[in-house]
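Please read the following alongside the sequence and the model.

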Amino acid sequence: MAGCKALRSAVAKTIVATGLSSGLGFELARQFLVQPSQPYKLILGARDVPRTQAATALKVLPLELSDFRSTKTFAHLTLEELGGGGVDYLLLNAAVSDGSETPGSHGSKWSKAFVVNHLAQHYLVHLLREKLVESKSRLVFVSSGAVRQVEDPSVLEGDVKDGSGVPGFKLYSETKFVELLGAHRWRRELAGECVIVAVSPGLIPGTGLGRGMGMDLPKNMPDAKSVPEGAASILAALTRDDLPEDPEQIFLTSWGEWWPKDVYGKTLDRELQEKWCPCRDEIEKEEGLVS
């Protein structure tokens with residue numbers, strides 16, 4: 001019996017991930033690979049495939065999340081790589097903190113931060129949905145406590161558009177709010193088929209996100225966490241099995257507790273979830289992916 005248990009635990013679990021090529025994600029990939037009792041197979045999406053491949057020695061596929069065509073190609077290549085195998089975890093970690101003071105160059109009406117932090121990764125879930133359901137995957141959305149900064153969701157309509165003039169920190173908070181709407185939308189949509197968890201890795205000055213906001217975050221800020229601590233929080237979201245009984249309580253804090261729903265109550269609004277989390281056909285039509 002003990003031998004069978006050891007054999008089961010030695011079977012590699014497959015993770016498909018965005019945002020693991022640098023900073024917090026790169027540290028997380030390192031933590032995956034040093035787990036003594038559980039091996040992992042990682043399939044990463046990255047803009048710079050040669051650099052990431054050289055640095056990680058993992059399977060890296062090209063992915064530029066600000067380009068929906070690249071996202072679609074990444075999904076296709078991922079399914080080819082998986083073949084008949086399953087996906088144990090889909091980790092949606094990629095994020096940028098760019099403001100929308102000037103128009104971007106990716107061709108969407110939405111700001112780069114909105115596309116990268118939410119819409120393209122939401123689209124990726126659509127593209128992989130059949131495989132995720134077949135695999136009974138766990139989907140982990142790396143969110144942020146900054147969602148608490150969004151007091152009036154009605155401003156999102158104008159703020160998250162390309163060239164809206166919204167600075168980095170405000171736009172980051174708003175796009176992470178919408179991403180959490182997406183996590184709840186998928187929680188409802190995939191109930192009984194997949195497990196959905198969101199996590200805030202905490203305030204981590206060493207990730208480089210502050211540079212996109214035009215801010216230099218000192219490492220001695222109150223409540224600041226190190227990059228390894230932040231990565232450990234994400235790892236916990238992937239591996240913990242003590243999920244709350246309340247299906248709406250899916251948001252894990254950086255200190256290891258499940259956030260009470262009043263912290264993110266606005267993201268439980270079903271009308272907002274449907275508004276900001278379009279179906280695959282809507283995305284492809286709006287972004288010019290179908291004729």
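Two strands pair if DSSP finds at least two bridges between them; strands (E, at least two residues) and helices (H or I, at least four) are DSSP runs, numbered from the N terminus. Four bridges join strand 1 (residues 13-18) to strand 4, and the two run parallel. Within this pair, Thr-18 stands opposite Leu-92 of strand 4. This is a predicted model, in which local features need pLDDT of at least 70 and side-chain atom pairs count only at pLDDT 80 or more, while totals for chains, interfaces and linings use all residues. Residues are numbered from 1 along each chain as its sequence is written, and side-chain values use heavy atoms, with hydrogens and water left out.

The open sheet has seven strands in the order 3-2-1-4-5-6-7, with parallel pairing. Strand 3 (59-62) and strand 7 are the edge strands, each pairing on one side only.

Helix 4 lies across strand 1, strand 2 and strand 3, at about 145° to strand 3. Axes are lines fitted to C-alpha atoms, for helices over the stretch in contact, and angles run from 0 to 180 degrees between N-to-C directions. Contact means heavy atoms within 4.5 Å. Helix 3 (residues 49-56) lies across strand 2 (40-46) and strand 3, running at about 170° to strand 3.
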